[in-house]
Amino acid sequence: GMCQLVWRFQVSSALKEGHVTPTELCQRCLALIKSTRFLNAYITVAEEAALKQAEESEKRYKRGQPLGVLDGIPIAVKDNFNTAGIETTCASNMLKGYISPYNATVVQKLLDQGAVLLGKTNLDEFAMGSGSTDGVFGPVRNPWSYSRQYKEKSVSKSHSEDEESNWVIAGGSSGGSAAAVSSFTCFAALGSDTGGSTRNPAAHCGVVGLKPTYGLISRHGLIPLVNSMDVPGILTRCVDDAAVVLGSLAGHDPKDSTTIQDNFKPFELPSLPDVSKLLIGIPKEYHAPGLSSEILALWSKAADLFKNAGAKVIEVSLPHTRYSIVCYHVLCTAEVASNMARFDGLEYGHRSDMNKSTESMYAATRREGFNDVVRGRILSGNYFLLKQNYENYFIKAQRVRRLIANDFLKVFGGGVDILLTPTTLSDAVPYREFIKEDNRTRSAQDDILTQAANMAGLPAINVPTALSERGLPIGLQFIGRSFQEKQLLTVAKWFEKQVKFPMIQLEEVKRHNHDVFQHQKSASFS
């Protein structure tokens, strides 16, 4: 099956039946993190705490009283979520050594259900970027760079080129979380998604990446980038797992006034999803400049799959899509500027030794603490917020944002259930190609297919679809109606079943894990 080692079914039952203990599971994951250290997916590994949590979980299983399907399941969390007792850095000098006194709500909810927190994952500094290459801990490497699939394709072309320079990026900004899930070091990971930061790395690393509806999951304890667009994202190896994690995270949080008031009912996805009654929209504006012919072909193939299953597929228009990048840049940097004002060296985080005056300490703190990308966005944002520019940029951008949201409302109001689009313009780029362009240019190109969903607050998911001619993952994106996660995930699950995305074959990993779950005939560890 496609969902090897999917804990929703296999690992949960293995734990319940005692084939594997939470401690063994945790130790396997920790060993794997060590053997895949070169991927740079984790910033901090909380080995002791994780083993202690696994031990507690083990006691519950022995008593026959696990807390639910998440009990004993190893997870990882992007390093921009606060975790009590574990450093939270946002991959920035500004926060090196910062340990939060509390857990983010989403982290707390996972721990309350017995999940085992292995560590914090790598990202672009303060989650600004689309490559996970711009943090102070260095770039994340895409596990597929070391897969048999990619090696077979890349070796033939240039034998002379050393493997060292051929590795590809993981996508961003949640690249560490995507790489962690993709390389089997954890079963699920949290990312964040402001303009595509969960879906983009999910597409590049061949995993499922869900950005829920704005307000469905609490942002409390997620260090803010753009308050009005940020949402915690979920990365897993299959759609069913994403539904389980969503079920344990969704719902009202008194600490986040933007969360929904109603109670959220966790749902099971149907085992045989049916799409025959659906109307699928194909937004023509997503045929964007720079979209690779491979992805275009895959996109129309996917549309045909739905047609053949009896769904109705129509072309739709979201006319304001082309303004969305500019609009996103203005709104994003303006909110970034106000959010970053809290890092002044006075209350927490890095403080410069320059103490001629509070002003100079403040300036030096930010110069030493932030990288150029972050400083650049703060400068742009403050420019757009200056009194004389406010009307021209900020207010206009907010108007355009409403128009973008209305585009979606019109399409969904016209009876469309789900939109089908590409997630990225191409497969993952080699790191040395990627860094030739600056972060801002890159992010603007890479966010084009994903950020409109953030501006409209809609749920969207990346589903791994096929391998490119270079042996790298390509994903497609489904965008749903507001708060219709069940329908969105049901369609995603149906699609996942149809495409049978191949298992990553990691030579490096295979050597170390010959014996993982011997009782399970699992393709990934054959």
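Hi everyone, let's start in the sheet: strands β2 (residues 74-78) and β3 (residues 116-121) run parallel and are joined by five bridges. Proline 74 has valine 116 in β3 as its bridge partner. Two strands are said to pair here if DSSP finds at least two bridges between them. The strands (E, at least two residues) and helices (H or I, at least four) are DSSP runs, numbered from the N terminus.

A word on the source: this is a predicted model, where local features need pLDDT of at least 70 and side-chain atom pairs count only at pLDDT 80 or more, while totals for chains, interfaces and linings use all residues. Residues are numbered from 1 along each chain as its sequence is written, and side-chain values use heavy atoms, with hydrogens and water left out.

Now, the whole sheet. It is open, has eleven strands with mixed pairing, and its order is β1-β3-β2-β4-β6-β5-β10-β11-β9-β7-β8. At the edges stand β1 (42-45) and β8 (312-316), each with a single partner strand, so one side of each has no neighbour in the sheet. On average, neighbouring strands of this sheet are turned by 30° against each other, direction ignored. For those angles, axes are lines fitted to C-alpha atoms, for helices over the stretch in contact, and in general angles run from 0 to 180 degrees between N-to-C directions.

What packs on the sheet? Helix α4 (residues 105-112) does, touching β2, β3, β4 (188-193) and β6 (231-236), and its direction makes about 165° with that of β4. Helix α6 (residues 175-182) lies across β1, β2, β3, β4 and β6, running at about 155° to β4. Contact, by the way, means heavy atoms within 4.5 Å.

Buried means under 20% relative accessible area, exposed means over 50%, and partly exposed is in between, with a 1.4 Å probe and protein chains only. Both faces of β11 are covered: Pro473, Gly475, Gln477 and Ile479 are buried on one side, and Ile474, Leu476, Phe478 and Gly480 on the other.

As for its partners, β9 (residues 418-422) runs antiparallel to β11, with five bridges between them. Leucine 419 pairs there with isoleucine 479 as its bridge partner. Strand β10 (residues 460-467) is also antiparallel to β11, and seven bridges join the two. Asparagine 462 stands opposite glutamine 477 in β11. The hairpin of β10 and β11 has five residues between the strands, and glycine 471 takes a positive phi near 80° in it.

While we are on backbone angles, most residues other than glycine have a negative phi, and most peptide bonds are trans. With that in mind, look at alanine 91, in the loop between β2 and α4. Its phi is near 55°, a positive value in a residue other than glycine. At 0% relative accessibility, alanine 91 counts as buried. Serine 132, in the loop between β3 and α5, has a positive phi of about 55° although it is not a glycine. Serine 132 is buried too, at 0% relative accessibility. Then there is a cis peptide bond between glycine 172 and serine 173, with omega about 10°. Serine 173 lies in the loop between α5 and α6.

Alanine 91 turns up again with phenylalanine 137, whose contacts, leaving aside neighbours within four places in sequence, are Asn40, Ile43, Thr89, Ala91, Lys96 and Asn122. Phenylalanine 137 sits in the loop between β3 and α5 (148-157), and at 30% relative accessibility it counts as partly exposed. Asparagine 40 is 97 residues away from phenylalanine 137 in sequence, with 8.2 Å between their C-alpha atoms.

Where is the kink in α10 centred? On cysteine 327, at about 30°, where the bend is the angle between axes fitted to the seven residues ending at a residue and the seven starting there. Of the 20 residues of α10, 16 are buried, so this helix is largely enclosed by the rest of the structure.

Finally, the overall view: the protein has 18 helices and eleven strands, and 62% of its 526 residues count as buried.
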